Each structure stands twice: as structure tokens, then as C-alpha cells.
Amino acid sequence: MKSTRIIKKNFEFDRIYQRGKQCHMGPLSIFYLKRRSGPTRYGVTVSRKVRGAVHRNRVKRVLRELYRSLDPQTKSHYDILILSRSEAKQGTYQSLLRNYEKLLAKADLLCAPPDQEAGH
């Protein structure tokens with residue numbers, strides 16, 4: 001498993017928002033920025049429109065699990081921010097996982113499966 005790091009500093013979030021690219025789909029959005037080296041780093045943001053700290057924290061836990069589950073298939077050397085809108089509160093893990101996977105594919109951040117890499 002690749003090592004992952006978490007983006008926590010406000011200036012790092014700002015840099016990705018300003019210089020990075022973005023994709024939107026359903027209740028999720030991602031902002032991403034190519035790095036020179038190092039493992040892919042992740043940050044999570046949940047809108048305050050998701051009312052109640054309990055609901056916001058649940059959505060954050062689900063989003064962290066999303067990037068953990070797809071991290072082995074994600075390209076290295078990127079900073080990725082996952083943003084959630086209020087609709088994510090009603091979403092199931094499976095529906096959010098599908099949306100996140102489609103977002104990564106749309107942004108070309110998923111590695112090719114091993115069969116395609118070998119040219120089969």
C-alpha cells in the first residue's frame with residue numbers, strides 16, 4: 001500500500017484552490033494539483049450546509065474511507081482535495097464511492113489496471 005499524507009494547512013488548501021484543476025459530479029467535487037514528487041496527499045472539506053457536527057463528521061469519515069479504498073489505484077505525485085456538498089449527507093457509501101471513482105477517472109487520476117498496463 002502506498003503511503004498517504006493528509007493536507008491540513010490552510011495555505012496548502014488555498015494553493016490547490018488557486019492553482020489546481022477541478023471536477024464536479026453529484027454531491028462531490030475534487031480539486032487536484034500535480035506535485036514534483038512524493039506520495040499523493042489528500043484533504044477533505046465538508047460544507048457547513050451539512051447541518052450538525054455529527055452529520056458533518058460522518059461525511060468526513062466516509063470521504064476519508066473513499067480515498068483510502070481507492071488510494072492504491074490513484075496516481076502518485078498529486079494533491080487532491082475532496083469537497084462535499086450538503087447532498088452527500090443522504091448518500092450511501094456505495095453511491096459516494098461510485099461518484100468519487102468517476103471523478104478520479106474524469107480527472108485522469110486513476111492508474112490503468114494491470115492488464116492494460118501490460119498491453120493485453
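## Terms and the model

A nonpolar core is a set of buried Ala, Val, Leu, Ile, Met, Phe, Trp, Tyr and Cys residues joined through side-chain atoms within 4.5 Å, where buried means under 20% relative accessible area, exposed means over 50%, and partly exposed lies in between (1.4 Å probe, protein chains only). The model described here is predicted, and local features need pLDDT of at least 70 while side-chain atom pairs count only at pLDDT 80 or more, although totals for chains, interfaces and linings use all residues. Residues are numbered from 1 along each chain as its sequence is written, and side-chain values use heavy atoms, with hydrogens and water left out.

## The sheet

Helices (H or I, at least four residues) and strands (E, at least two) are DSSP runs numbered from the N terminus, and two strands pair if DSSP finds at least two bridges between them. Five strands form an open sheet with mixed pairing, in the order E1-E4-E5-E3-E2. Strand E1 (5-6) and strand E2 (21-25) each have a single partner strand and stand at the edges, so one side of each is left without a neighbour in the sheet.

Strand E3 (residues 28-34) pairs with E2 in the antiparallel sense over five bridges, and His24 stands opposite Ser29 in E3. The two strands E2 and E3 form a hairpin with two residues between them, and in the turn Gly26 has a positive phi of about 60°.

## The nonpolar cores

The largest nonpolar core holds 25 residues, of which Ile30, Tyr32, Leu66, Ile80, Tyr100, Leu104 and Leu109 touch the most other members. At least two residues of this core come from each of E3, strand E4 (41-46), helix H2 (53-70), strand E5 (78-84) and helix H3 (93-106), and H2 gives the most, with six residues. Apart from this core lies another, of seven residues, among them Phe31, Leu33, Leu81 and Leu83.

Contact means heavy atoms within 4.5 Å. When neighbours within four places in sequence are left aside, the residues in contact with Ile30 include Cys23, Ile80, Ile82, Tyr100, Leu104 and Leu109.

## Helix H3

Helix H3 has 14 residues and reaches 20 Å from its first C-alpha to its last, close to the 20 Å expected at 1.5 Å a residue, the expected span being 1.5 Å times one less than the number of residues. Its buried residues are Leu96, Leu97, Asn99, Tyr100, Leu103 and Leu104. They cover an arc of only 165° around the axis, which puts them on the same side of H3; the arc is that of the directions from the helix axis to the C-beta atoms.

These buried residues of H3 pack against E2, E3, E4, H2 and E5. Asn99 counts as buried at 16% relative accessibility, and, not counting residues up to four places away in sequence, Asn99 touches Met25, Pro27 and Leu28. Just after H3, Asp108 takes a positive phi of about 60°.

## The cysteines

A disulfide is a pair of cysteine sulfur atoms within 2.5 Å, and a search of the whole structure finds zero disulfides. The sulfur of Cys23 is 16 Å from the closest cysteine sulfur, in Cys111, which is too far for a bond. Cys23 is buried, with a relative accessible area of 7%, whereas Cys111 is partly exposed, with a relative accessible area of 33%.
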